[in-house]
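The following exercises concern a single structure and are each followed by a worked solution. Please examine the sequence and the model before reading on.

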Amino acid sequence: MSDEIGICVRTLNRSIKKLEENGLIQLVKGKVLIQEEGFFKMQKEIEDYLDGYSKNKHGK
């Protein structure tokens, strides 16, 4: 997976651990599982991030 996205394994492991600690994903038998609740949390965080980025970029 790290090769696919172009980051080192340690960075990927730290990122996965953080997502798991925040309740966004679960690791099940070495696979990443995203439950519906985690999906909607991630979606909201991305929307909030993009909304803030858009406002900062356009000076609103």
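**Exercise 1.** Does Phe39 count as buried, partly exposed or exposed, and at what relative accessibility?

*Solution.* The model is predicted: local features require pLDDT of at least 70, side-chain atom pairs count only at pLDDT 80 or more, and totals for chains, interfaces and linings use all residues. Residues are numbered from 1 along each chain as its sequence is written, and side-chain values use heavy atoms, with hydrogens and water left out. Next, apply the classes: buried is under 20% relative accessible area, exposed is over 50%, and partly exposed lies in between (1.4 Å probe, protein chains only). Phe39 has a relative accessibility of 43% and therefore counts as partly exposed.

**Exercise 2.** Identify the aromatic pair of the structure and state its geometry.

*Solution.* A pair of aromatic rings is described by the distance of the centres and the angle of the planes. Rings of Phe, Tyr and Trp (its six-membered ring) pair if their centres lie within 6.5 Å; planes under 30 degrees apart are stacked, over 60 edge-to-face, and the rest tilted. The structure contains one such pair. It is formed by Phe39 and Phe40, with 5.4 Å centre to centre and 70 degrees between the planes, and is edge-to-face. Phe40 is partly exposed, with a relative accessible area of 43%.

**Exercise 3.** Locate the salt bridges and place their residues in the secondary structure.

*Solution.* A salt bridge requires a side-chain nitrogen of Lys or Arg within 4 Å of a carboxyl oxygen of Asp or Glu.

- Lys41 and Glu37 meet at 3.7 Å, N to O. They are four residues apart in helix H3, so about one helical turn separates them. Lys41 is partly exposed at 33% relative accessibility, whereas Glu37 is exposed at 58%.
- Asp48 and Lys44 meet at 2.9 Å, N to O. Both lie in helix H3, four residues apart, about one turn. Asp48 is partly exposed at 45%, as is Lys44 at 46%.

Helices are DSSP runs (H or I, at least four residues), numbered from the N terminus. Helix H3 spans residues 36-57 and also contains Phe39.

**Exercise 4.** What is the span of helix H2, and which residue follows this helix?

*Solution.* The expected span is 1.5 Å times one less than the number of residues. Helix H2 (residues 9-21) has 13 residues and reaches 18 Å from its first C-alpha to its last, close to the expected 18 Å. Gly23 follows H2 and has a positive phi, near 75 degrees.

Definitions and conventions:
Helix = DSSP H or I, 4+ residues; strand = E, 2+ residues; numbered from the N terminus.
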